[in-house]
Amino acid sequence: MFKRILRIIIIIAVLAVLVIVVGGIVGFNFLRDNGIKQYFATMKPPAATVSTTIVKPSSWTPGVEAIGTVRAVRGVDLTVETAGIVKEIPFHANEKVAANAVLLQLDDAVERADLDAQKAQAALDQVSLNRALELTKRGVGSDSTLDSARAAASASASQVTRLQAVLEQKQLTAPFAGTVGIPKIDLGQYLSPGTSVVTLQDLDTMRADFTVPEQELPLLKIGQTVRLGLGGDDKPFAGAIRGIDPKIDPSSRLVNIRAEVANPDGKLTPGQFVQVRVELPEEQNVLILPQTALTTSLYGDYVFVVQPAKPAAAAPAKPEEKPAAATDKAADAKPADAKPADAKPADAMKPATDAMKPAAEAAKPAADAAKPADQPATDAAKPAAEGDKPALVLSQVFVKPGRRNQGMVEIVEGLKAGDEVVTAGQNRLFNGMSVNVDNTIDPTKSANKQADQQ
């Protein structure tokens, strides 16, 4: 019986220990998870580093953007007028030639022989004409003979001119000065009339043909400045509008525009794609920002404005002073309560003396408690002195963008002059977030330019 009771007691004890251990583990895990949740709930994210710019009124040059094609003002694909065999090609690819320079010579032996024969006949007819004139002056020759001699001489001279023109057709000459391309024929090749030989382009002056919507036609006029670029925002070539088509294409509602651009360095090539910008009169007091500052979302376009953080509320009274005062009261109350009614004077003094010791000992923690209370106040004053700079936070502001030009965008609504706007580092930013401003990197300039400046 005793063993059975002992066994039951042991089992109960083991179960109790097991419950205590399991309960401790579960409680520890619960307290740990709760502490982690509270830590992350109250943890402030670190301040993000951003670049900013100050919004201020600036001058703005609006423009009409378009895409176009470059062609030479004088450019032609040269062809032959007559049939023949190629005898000589006196030019090389990409060679600059002068006006009237010979570019191709066909075999002209037969034409030269015919011309020489006709010249001899023309000379004979001219002698016959001179003889007829002399006889007529003497009154010996008839008028009909003179007319026949005059007609024969004129026909022979015309025939010489015709054969001379045929002979010249055996040569291909440059109609103007320019740069020739790659020859499309070979020596000894037979050419038929109309065969293309080579292209000739005058690269000193180029023309750009482009189209604009009919809504922008009233903004354009002859002589306006035009800038051309091969890609990106850089448009180094300047020119002027030389022609505006008076008719709008009814199928596309576009207007054809032609501009001329100087090309002294030969960087523009006929047939090349270009970006065109027609510059309009300059405007003043326009709020502009780098396009990197603008973020587009489903809800609209917005920017992040950097503002000083609002000051925190006043701190409550120090709780450390209350325990000290309560301790003093408790210490003062103890001697009064510690004195017994029936105690003798000598014996009464002992309890009073013994009661003063706890009071003195209680006063020490109070003094020690006052010291830590003063120390945090002193430590808190140091960051306040060091942190003369106010903390910065973000404010998300929705704006209405306008025109764009050379990496800048016009802000029509939403901002005012003097606002500090984030231009770089917008990733993972949110409204009310703390930030640090670092403007050593300017996103509006290329990395190469900034490296040169540094």
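These legends describe close-up views of a predicted model.

**View 1. A nonpolar surface patch that includes V26 of helix α1**. I11, L15, L18, V22 and V26 make up this patch. V26 lies in helix α1, which covers residues 2–42. Its relative accessibility is 52%, and the cut-off for exposed is over 50%, so V26 counts as exposed. An α-helix has 3.6 residues a turn, so residues three or four places apart point the same way.

**View 2. Helix α3 and its buried residues**. The helix takes in residues 143–168, 26 residues in total. From first C-alpha to last, α3 reaches 38 Å. That is close to the 38 Å expected at 1.5 Å a residue. Its buried residues are L146, A149, A153, S156, V160, L163 and L167. Their cover includes α2 (109–138) and β7 (171–173).

**View 3. The open sheet that contains β7**. Four strands are arranged in the order β7-β6-β4-β9, with antiparallel pairing. β7 and β9 (190–191) stand at the edges. Each has a single partner strand, so one side of each lacks a neighbour in the sheet. Further in, β4 (residues 84–88) pairs with β6 (residues 102–106) over two bridges, in the antiparallel sense. E88 has Q105 of β6 as its bridge partner.

**View 4. Strand β20 and its pairing with β15 and β19**. β20 covers residues 408–413. Three bridges join it to β15 (residues 283–290), in the antiparallel sense. Here I288 stands opposite E410 of β20. Four bridges link β20 with β19 (residues 400–405), also antiparallel. In this pairing, R404 has V409 of β20 as its bridge partner. Strands of a sheet pair through backbone hydrogen bonds, either parallel or antiparallel.

**View 5. The hairpin of β19 and β20**. Two residues lie between the strands. Q406 takes a positive phi near 50° in this hairpin.

View 6. G414 is partly exposed, with a relative accessible area of 44%. Leaving aside residues up to four places away in sequence, G414 touches V397, F398 and V399. G414 and V397 are 17 residues apart along the chain. Their C-alpha atoms are separated by 6.8 Å.

Terms used: Residues numbered from 1 in each chain as written. Predicted model: local features only at pLDDT ≥ 70, side-chain atom pairs only at ≥ 80, totals over all residues. Heavy atoms only, no water. Patch = residues over 30% accessible without salt bridge, like charges linked within 9 Å, V, L, I, M, F, W, Y side chains within 5 Å. Areas by Shrake-Rupley, 256 points an atom, 1.4 Å probe, with all protein chains shown as cover. Salt bridge = Lys/Arg side-chain N within 4 Å of Asp/Glu carboxyl O. Buried < 20%, exposed > 50% of the residue type's maximum accessible area, 1.4 Å probe, protein only. Expected span 1.5 Å × (residues − 1). Contact = heavy atoms within 4.5 Å. Pairing = 2+ DSSP bridges.
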